[in-house]
Amino acid sequence: MASTAAGKQRIPKVAKVKNKAPAEVQITAEQLLREAKERELELLPPPPKQKITDEEELNDYKLRKRKGFEDHIRKNRTVISNWIKYAQWEESLKEIQRARSIYERALDVDHRNVTLWLKYAEMEMKSRQVNHARNIWDRAITILPRVNQFWYKYSYMEEMLGNVAGCRQVFERWMEWEPEEQAWHSYINFELRYKEVDKARTIYERFVIVHPEIKNWIKYARFEDKHGYIAHARKVFERAVEFFGEEHIDENLFVAFARFEEKQKEFERVRVIYKYALDKIPKQQAQELFKNYTVFEKKFGDRRGIEDVIVSKRRFQYEEEVKANPHNYDAWFDYLRLVESDADVDTVREVYERAIANMPPIQEKRHWRRYIYLWINYALYEELEVKDPERTRQVYQACLELIPHKKFTFAKIWLLYGQFEIRQKNLQNARRGMGSAIGKCPKNKLFKGYIELELQLREFDRCRKLYEKYLEFGPENCTTWIKFAELETILGDTERARAIFELAIGQPRLDMPEVLWKSYIDFEIEQEEYDKTRELYKRLLQRTQHVKVWISYAQFELSVDSEDRLQRCRQVYEESNKSLRNCEEKEERLMLLESWRDFEQEFGTFANKDRVRKLLPEKVKKRRKLTAEDGSDAGWEEYYDYIFPEDAANQPNLKLLAMAKMWKKQQQEEPEPQEEDEAETEEIDAPSKPKEDEETEIQEPKDMYDDRDDSVSSTSSSDSESDEEKSEGRKENEKTDSAEKE
């Protein structure tokens, strides 16, 4: 029935929270704990104090307490704190035997508990039971020899008791286990407290063997130094350097050694130590060493010593750089520059050999450009610094054999080799080397250098042969033709120079024909062969109608000292104007007319000036439709066009523009007739208007554009203007005639 009732019993429902909104006043867990502490809810009242008045009551109390402790131990024997509390309680009652028994029982449970041994030994020491304490410490260090605290306590107890021999014996037993460094230092300090320096030295000897570290050797040496044994200290440092060798060397050892010697005023020894260390230790591990060496040299060295320090430091830096990347030629250059300034010849040669051994991995000229300068610097060093021409020759020859001439070459090397042989007065080798260069890998620079070399030697026949070879190699090089002709001109063989020029202009392909023609023309002018110069200009104009050629032709005719030079010059301008009439480049035609105008302004009569002025074009603003790449409309573009009066196709448009201009003038002049009369008189007085005024007048109407396509010519007012200008010209002529009569 009971089970049935329990089965039917309903589980109480959890109350639903109707309002889930946060409370107005928020209470944190910290506040709850603070309030609980303030109200002391968890604190139990202390038990009432019990006063024991007789022995029976005391025995009863002891029995109760022991029963409680035993019950706790019986519940869990492994809890050592219960054992310790029980033993300490018995100790407080001066029941040492009972306490000793409790500790022994506890040690049977857990003999590896360090705290238990310490409490047990401390109890015996407090009770002045020395032999019992020694017994406990002996058992402890026998069972747990790696617990340093036992050894420290045991040795301290023996020392406090004045048993120095016993304390030393404890330390000796401890040292057999080779403990950590602090234990050795404690033993050494113990011996030093009793002035046993020799025994301390013996301990140090064993210490540095058990713990062979740099700092321990340094401590040993400082110990000797501190007690005045300088020779022993130096010997310790030397043994340390020998002990660690080059594989496990450290900068701190050398720094300490150097400071020791510096303290002893042995400056040469210090310098030797620093230099030896810098030679053996890698650069990244010798920063402190460099710093101390620099400070030492600043304090006790001369300028040369300080420079040696800096050079050594930089040398190590460069060594690390070239080791990290042997193909870093810039690092090699810096390293070699440093070595050349402060090293012997053998060292420099060794570094050069190491540098040139790092050939570029790819046979492409861009990878060899920096590398080849290593060879050049090597050869120059051997020639200029060492003064060893034979070795210099070997360097050049090795370099030339190394370069893959079938793929690329360096003309600089060949030329330097040739110049070196010339300096050694070995002309045959120089020519042989340059000939090999031209035969293996002909280049413009090689030909130029070889020709210049022969020119300096005044071997003109060889220069001619070289020029012939050069032109066979590159007949399109106009500079070569010009230099060849100049050579013949200098030698006085003008016919040969003229023949060279004729051959040059007859070549089917030239890189700079305009320069060649100009040089040929200048050559004929210099020879005062004006007829041949005119013939050259005519031949050139048959090939090209460039405006600059016409202008140069006209200026040539003007420069010739003859009676008809102005007529010839004017005739050239007229021919050029006719020739360029069909030219599409209107700017070139305008350039020609402006040059003609300047000529007439200086040398021509009024009629000639007027004639040229009438040939000048009008500048008209136009618009044209732009089309994008995809064919869509890109808007309109404004541009300027030139309309020449001589072009017959443009005459109707010019008349239309002139009529528009006249209509605009009429509209402006109707309200002010007096100003019109004044303007007419001013027009009569003015012989001619500058070109700029005419252009601005045409552009004056507000945003008047010719919206037609480029195929339709723009309108102009040149015809009407030409009529007005003719009437004005007649008036001007009449005025000048009357003035001459008067």
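This is a predicted model: local features need pLDDT of at least 70, side-chain atom pairs count only at pLDDT 80 or more; totals for chains, interfaces and linings use all residues.
**Stop 1: Glu224**

Select Glu224. Its place is in helix α12, which covers residues 214-226. Is Glu224 buried or exposed? Its relative accessibility is 1%, so Glu224 counts as buried, since buried means under 20%. Now show the contacts of Glu224. Leaving out residues up to four places away in sequence, Glu224 touches Arg201, Tyr229, His232, Ala233 and Val236.

**Stop 2: salt bridges**

Next, turn to charged pairs. Side chains of opposite charge can pair when their charged atoms come close. How many salt bridges does a search of the whole structure find? The search finds 29. The next stops visit some of them.

**Stop 3: Asp71 and Arg74**

Select Asp71 and Arg74. Their side chains meet in a salt bridge, at 2.6 Å from N to O. Both residues sit in helix α3, residues 55-75. They are three residues apart, so about one helical turn separates them. Switch to a surface view. Asp71 is partly exposed, with a relative accessible area of 22%. Arg74 counts as exposed, at 60% relative accessibility.

**Stop 4: Glu122 and Lys153**

Move to Glu122 and Lys153. Here the side chains form a salt bridge with an N to O distance of 3.9 Å. Which helices hold the two residues? Glu122 is in helix α6 (residues 114-126), and Lys153 is in helix α8 (residues 148-160). The pair links distant parts of the chain, 31 residues apart. Check the accessibility of each partner. Glu122 counts as partly exposed at 28%. Lys153 is partly exposed too, with a relative accessible area of 33%.

**Stop 5: Arg391 and Glu353**

Now select Arg391 and Glu353. Their side chains meet in a salt bridge, 4.0 Å from N to O. Color by accessibility next. Arg391 is partly exposed, with a relative accessible area of 25%. Glu353 counts as partly exposed at 38% relative accessibility.

**Stop 6**

Definitions and conventions:
Residues are numbered from 1 along each chain as its sequence is written. Side-chain values use heavy atoms; hydrogens and water are left out. Helices (H or I, at least four residues) and strands (E, at least two) are DSSP runs, numbered from the N terminus. Buried means under 20% relative accessible area, exposed over 50%, partly exposed in between (1.4 Å probe, protein chains only). Contact means heavy atoms within 4.5 Å.
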